[in-house]
Amino acid sequence: MPLNSWSFKNAAYQAKFRKDGIVSAIVISKEDLESLNGIFEAYHVALDDSYFRRFHVGIHSNDIVYKTQLNKEIAGIMDPYCKELFDNYRRLIYSVQIKGTGPGSELALHQDWSVVDEDIHNSATVWIPLCDSFISNGAIHAIPGTHRFKPYPRGGTIAGRYDHLHDQLLPLMEPFECKAGTILVFDSSLLHYSPANLSNDYRVSVVTTIVPGNAQVIQYYNNPQVSKTKAEMYAMSDDFYLHFNNFLEVQAIQVPFGNKMNKEKTLGARVVNSTLLKIKIIIDKYLFFVKNLK
Ligand SMILES: O=C(O)CCC(=O)C(=O)O
């Protein structure tokens, strides 16, 4: 684990997270689940049908009032659960994601963006499905253990190192089916994806990110005209996703905001050999097991 980590209060969750980088934790109450569903419905009545035929990410909205209100309302329900689960953490904003139905709803293999300097800190995505999440409606799949790989900068202007290996890595992906209201926590650097939702109903999830209590939130920015090998680091506020409204612009013209830090990070090379990567994943799992034998 990095030097400065948030942690689970529950030792068994913490040990599992160290090993796999993903933990299916507690399930929120039925009443709170109903409230979250009610909040989703209240804020999304006007969405047209196309939102329910693809994967929609709430923070991509440019509507700051919508994002601010949604964050506030979800916080009222979810913050007590975060307090119960985690130590030494701060959370970024809450939002929702809609996994529509049909082939356009797949979310291909990826790692989530870096939001802290992962040489010293770690961060995690906290994801709560508002209905049961199972394989045929696109359960999250992940390759446990891949959060231990050396971290490289990730972000909107940086091509994923592994994204093109989606098909080759599929056999190593494990499904994490969850009951409605389960709090699933996964390291931001974990390799994961969710297949297309082939059921008849869209699936909504609530999502946030947690970082260590005293970690600076950051974003990486790479302009290939300036450097092909380094990403610049920007200090961001905890609520930067509220103000970030150029997610969908062409990567290279995204304008960074926040305060440029006097720090650069070397970009990781695109991984070319999937067989070597698979062997590395298997050996790493074995070494972790051996090291932790008591
Ligand atoms: O909701 C899903 O199906 C996938 C979510 C995900 O991969 C993410 O939030 O990074």
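Author: Burial terms come up throughout. A residue is buried if 20 or more other C-beta atoms lie within 10 Å of its own, exposed if 12 or fewer, and partly exposed in between; C-beta atoms are placed from the backbone. This is a predicted model: local features need pLDDT of at least 70, side-chain atom pairs count only at pLDDT 80 or more, and totals for chains, interfaces and linings use all residues. Residues are numbered from 1 along each chain as its sequence is written.

Reader: OK. Is α6 buried or in the open?

Author: Largely in the open, because the number buried is one of its 18 residues. Helices (H or I, at least four residues) and strands (E, at least two) are DSSP runs, numbered from the N terminus.

Reader: What span should α6 have?

Author: Helix α6 covers residues 274-291 and should span 26 Å at 1.5 Å a residue. The rule is 1.5 Å times one less than the number of residues. Its end C-alpha atoms are 25 Å apart, which agrees.

Reader: Zoom out. How many helices and strands in the chain?

Author: Six helices and 16 strands. Of the 294 residues, 40% are buried.

Reader: Now the ligand. Which residues are around it?

Author: Q97, K99, L107, D112, T125, W127, G138, I140, H192, S194, S205 and V207. The cut-off is a C-beta atom, placed from the backbone, within 6 Å of the molecule.

Reader: Which strands supply at least two of the shell residues each?

Author: β6 (95-99), β8 (124-129), β12 (192-194) and β13 (203-212).

Reader: Take β8. Covered or open?

Author: Mostly covered, with six of its six residues buried. A124, V126 and I128 point one way, while T125, W127 and P129 point the other way.

Reader: What does β8 pair with?

Author: Pairing here needs at least two DSSP bridges between the strands. β8 pairs with β11 (residues 182-187) in the antiparallel sense over four bridges. With β13, β8 makes six bridges, also antiparallel.

Reader: And the bridge partner of W127 in β11? Which residue?

Author: L184. On the β13 side, T125 stands opposite T209.
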